Amino acid sequence: MKGITYDDFQKVELRVGQITRAEVFEKARKPAYKLWIDFGEELGIKRSSAQITQLYHIDELLGKRVVAVTNFPPKQIADFMSEVLVLGVDSSAGGVSLLGIDHEAPLGTRVY
């Protein structure tokens, strides 16, 4: 695997956001949710599509703090424009487990 420099890493904006709204994404090819995530004053609310239906119910997503890439170009998924990439890992229980933070941090805080 080829390494990257710290300068390369700094080009990727990873930020903390809070899910404010979630809906079942009916038109997605694979089961997914539409998410609206608040990244604070600087970035505001951004949308994302996330295939996290195996481990999360909509009700438990509201208010959840997540980590997302905020500077990828938007991506059209069916009739929905996904503006950020919410980060997660494959869980040994099956499905995707979201990356989050253990302690409060202001919305929009950059991950380093």
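**Lining of the largest pocket and overall fold**

In this predicted model, the residues lining the largest pocket comprise 15 nonpolar, 6 polar and 5 charged (Ala, Val, Leu, Ile, Met, Phe, Trp, Tyr, Cys and Pro count as nonpolar, Asp, Glu, Lys and Arg as charged, and the others, Gly among them, as polar). The volume of this pocket is about 540 Å³, the space filled by probe spheres set on grid points joined across faces, edges and corners. A pocket is an open set of points, on a 1 Å grid over the protein atoms alone, where a 1.4 Å probe fits, with protein on both sides within 12 Å along at least five of seven lines; lining residues have an atom within 4 Å of a point. Among the 26 lining residues, Ser 49, Gln 51, Lys 75, Ile 77 and Ser 82 are the closest to the pocket centre. At least two lining residues come from each of strand E3 (45-50), strand E5 (75-77), strand E7 (85-86) and strand E9 (96-98).

Residues are numbered from 1 along each chain as its sequence is written. Local features need pLDDT of at least 70 and side-chain atom pairs pLDDT 80 or more, totals for chains, interfaces and linings use all residues, and side-chain values use heavy atoms, without hydrogens or water.

The chain contains 3 helices and 9 strands (DSSP runs of H or I, at least four residues, and of E, at least two, numbered from the N terminus). Their order from the N terminus is α-β-β-α-β-α-β-β-β-β-β-β. Along the principal axes, the C-alpha atoms fill a box of roughly 40 × 35 × 30 Å. Of the 112 residues, 34% are buried (under 20% relative accessible area; exposed is over 50%, partly exposed in between; 1.4 Å probe, protein chains only). Among contacts (heavy atoms within 4.5 Å) with a separation of 6 or more, 59% join residues 24 or more positions apart.

Two residues were examined individually. Ile 45, in strand E3, has a relative accessible area of 49% and is therefore partly exposed. Beyond its neighbours within four places in sequence, Ile 45 contacts Thr 20, Trp 36, Ile 37, Asp 38 and Glu 83. The C-alpha atoms of Ile 45 and Thr 20 lie 8.6 Å apart, although 25 residues separate them along the chain.

Phe 72 occupies the loop between strand E4 (65-69) and E5. Phe 72 is partly exposed because its relative accessibility is 43%. Between the C-alpha atoms of Phe 72 and Asp 38, 34 residues apart along the chain, the separation is 17 Å.
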